[in-house]
Amino acid sequence: RSGQLDVRELISLYPFLLPTSSSFIRSHPPLHEYADLNQLTQGDQEKMTKCKRFLMSYLNEVRSTEVANGYKEDIDTALLKLYAEANHESLLDLLVSENFCLLTDSAAWLEKHKKYFALGLLYHYNGQDAAALQLWVKIVDGDIQDSTRSDLYEYIVDFLTFCSDQDLVWKYSEWVLQKNEEVGVQIFTKRPLEEQEKNSINPDNIISCLNKYPKARVRYLEHLVWERKIEKEKYHTHLAVLYLEAILQLKSVTTDKHTETTALLLKLRSLLQKSDLYRIHFILDKIQGTDLHMESAILYGKLEEHEKALHILVHELKDFHAAEEYCMWNSENRDTQYRRRLFHMLLSVYLNPGTPDHALVVAAVDLLNKHAAEFDAALVLQLVPQSWSVQLLSPFLAGAVRQSIHTRRMTQAALGLAQAENLIYKYEKVKQKGTPILLSDKKVCQVCQNPFCEPVFVRYPNGGMVHTHCAANRHLNSNLTHHSSSPSNQT
């Protein structure tokens, strides 16, 4: 440092570290008598290792100082070679940050030391993504050996996700999907949205590409429907059909309740319930003749054919809890009358079976006692059989009476508040009328100065009162009006 040594003098002592393209010639007269590191250490490997470790430390320190001016390529290339030879962890840090490593020399050195992942990073830094991917793919496929990263496949997927070269993405999409559909599809699902709107990597092209990969296609459609919330009928319908086909395929293979089948059923039901964009009749036609009764009920509900839906839930599935849930979710964001109509419809299904069924009677009683507030009590009492005891319906009746009393009291409170508000408005109206006009036998006409004999008078804008017959005199009338000093808004 003190002698401002040309750093290349130091690097030149180490064989092969300076790039072949370097024009460096040692100073003359020479600064020392040593040809290179081998002569200096006389073949002592331990001393040679220490010298290389020193040079690594020194070059790393000076590469960002004035000493490096003009020699950045020589310094960084030498540092890369030292790191690669010593299998040093800083090699990757050097390649992913700003560096001036010369491509030709560095690539040959990394290949010699079998640092293929690092070589890929070098290619990427120099804008040669195609060469980098080709190398990394060979590592994953086992064509060349490099254990630098055990998660290299995931790294490639992530690299392609943010790769701006769409031709490269399409070129390697088949490869990543063949390796792992669920992970590989991330090159499309995690892609920046703004990029998908202006090039060939758009939803329709992606779905076409994924036709051979069913799991990836379903995952991508889920991404469009649930995450990006794209409101296009074809995506919602396509996803529903894929769920349905997968479920029927699994059911044809085994009759047992498979975990995968259950998960798909839950996804299908969620889509059918929450989405309003798929083609209902199209899906319903595909379900006809299958044992997917719950899904059929949901679809009939979407078509407002609630009686059919409830009939399926009650008579086909005998799932009374599901029937209650059906009434609840179908009446979300609807008015009270709509909700009440659904619950009355369910009660009718329970009370009017084709053949007597004790289970339906129990379900009807439970429904009434559990959801008393959802029913019109007077209508219910007309529907229930005369044979039912008061004790059987006591929770319902108690709830109905409580609800009735509550409604009555709330109505009375609302009426009282309305009456109070009306009184306030009346008071405001009286105030707006201003001061009342009082007429007594002491008041005299401003024209004739005689008192008023009857409660009939004319009032002028200035507040003066005159007899009606005096007001008939136009001259006086106009004269009085002309002399008015304070016009009034009263008549």
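## Partly exposed pair: E305 and K308

E305 has a relative accessible area of 28% and is partly exposed (buried means under 20% relative accessible area, exposed over 50%, partly exposed in between, with a 1.4 Å probe and protein chains only). K308 is likewise partly exposed, at 46% relative accessibility. The side chains of these residues, K308 and E305, meet in a salt bridge with an N to O distance of 3.2 Å (a salt bridge is a side-chain nitrogen of Lys or Arg within 4 Å of a carboxyl oxygen of Asp or Glu).

## Basis of the model

The model is predicted, with local features requiring pLDDT of at least 70 and side-chain atom pairs counting only at pLDDT 80 or more, while totals for chains, interfaces and linings use all residues. Residues are numbered from 1 along each chain as its sequence is written, and side-chain values use heavy atoms, leaving out hydrogens and water.

## Salt bridges between separate elements

The structure holds 19 salt bridges in total. One of them joins K370 to E324, whose closest N and O atoms are 3.4 Å apart. This pair links distant parts of the chain, 46 residues apart: K370 belongs to helix α23 (residues 358-370) and E324 to helix α21 (residues 320-330). Helices are DSSP runs (H or I, at least four residues), numbered from the N terminus. K370 is exposed, at 53%, whereas E324 is buried, at 8%.

R339 and E374 form another salt bridge, with 3.1 Å between the closest N and O atoms. R339 lies in helix α22 (residues 336-351) and E374 in the loop between α23 and α24 (377-383), so the pair ties together parts 35 residues apart in sequence. E374 counts as buried, at 17% relative accessibility.

Notes:
Helix = DSSP H or I, 4+ residues; strand = E, 2+ residues; numbered from the N terminus.
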